Amino acid sequence: MKIICIGRNYSDHAKEMKAEIPTEPVFFMKPDTSILKDGNDFYFPEFTNDLHFECELVVKIEKNGKNISEKFAHKYYSKYSLGIDFTARDLQSECKEKGLPWEKAKAFEHSAPISNIWIDKSEFQDQIEFDFFQNDQLKQKGDSKDMLFSIDQIISYISKYITLKTGDLIFTGTPAGVGPVQIGDTLKGVLNGKVMFTFKIK
Ligand code: MG
């Protein structure tokens with residue numbers, strides 16, 4: 001399986017990163033080794049001094065498809081979860097400055113913690129809301145209606161370039177409020193009122 005992440009999918013986050021608002025989805029990938037299942041601690045990597053959380057709504061692809069039209073994209077997923085796109089912001093800034101790919105900053109071991117819980121689409125109305133807490137302080141508030149590109153648009157767009165397969169995960173981008181984590185922090189993600197993950201930085 002593969003993990004595809006959308007960058008700059010909320011305009012308020014693009015602004016805080018001083019990045020341009022994209023006119024088409026921006027995506028990058030993480031390997032399957034970046035997954036950290038909820039319940040496991042995350043160990044702060046030695047190669048960064050500025051590790052940022054980016055809490056994101058995640059969808060799991062449930063059948064293979066390429067060139068999926070937006071109209072049919074909803075048939076390719078039925079559940080939502082919540083995860084973190086950990087980012088070594090210092091390495092990412094270096095890569096950006098040099099015009100290099102971001103993988104070093106984004107695709108490292110356990111850079112994609114994800115909840116073990118999946119919630120059926122039918123349990124949501126039009127809107128999907130999530131909250132992210134660092135040491136019980138609310139840091140990020142996400143609302144799917146603020147996404148620049150909807151999940152269906154994202155699936156359609158990615159599948160023009162890459163075949164999506166059963167089990168692939170899509171991290172759909174982060175809202176504003178990203179920030180650094182420290183050893184000792186406890187991170188918690190809540191989706192529509194339900195605690196989805198909680199783990200410690202060691
Ligand atoms: Mg992200």
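**Exercise 1. Find the ring under the charged end of Lys63, and the ring under that of Lys188.**

Step 1. Apply the criterion: a charge sits over a ring if NZ of Lys or CZ of Arg is within 6 Å of the ring centre and within 35 degrees of the ring normal.
Step 2. For Lys63, the ring is that of Tyr76, with the charged end 4.8 Å from the ring centre.
Step 3. For Lys188, the ring belongs to Phe133, and the distance to its centre is 5.0 Å.

The model is predicted: local features need pLDDT of at least 70, side-chain atom pairs count only at pLDDT 80 or more, and totals for chains, interfaces and linings use all residues. Residues are numbered from 1 along each chain as its sequence is written, and side-chain values use heavy atoms, with hydrogens and water left out.

**Exercise 2. Identify the donors of the magnesium ion and locate Glu56 and Asp85 in the chain.**

Step 1. Collect the donors (N, O and S atoms within 2.8 Å of the metal, 3.2 Å for Na, K and Ca; water is not among the atoms, so sites may look incomplete).
Step 2. The magnesium ion is coordinated by Glu54 (OE), Glu56 (OE) and Asp85 (OD), at 2.0 to 2.1 Å.
Step 3. Along the chain, the spacing of these donors reads E-x1-E-x28-D.
Step 4. Glu56 belongs to strand S5 (residues 55-60), while Asp85 is in the loop between strand S6 (79-84) and strand S7 (87-88), 29 residues apart. Strands (E, at least two residues) and helices (H or I, at least four) are DSSP runs, numbered from the N terminus.
Step 5. Glu56 and Asp85 are both buried (under 20% relative accessible area; exposed is over 50%, partly exposed in between; 1.4 Å probe, protein chains only).

**Exercise 3. Classify the aromatic pair of Phe42 and Phe86.**

Step 1. Rings of Phe, Tyr and Trp (its six-membered ring) pair if their centres lie within 6.5 Å; planes under 30 degrees apart count as stacked, over 60 as edge-to-face and the rest as tilted.
Step 2. The structure holds 11 aromatic pairs. Phe42 and Phe86 form one that is tilted, at 4.4 Å centre to centre and 40° between the planes.
Step 3. Phe42 lies in the loop between strand S3 (35-37) and strand S4 (51-53), and Phe86 in the loop between S6 and S7, so the pair ties together parts 44 residues apart in sequence.
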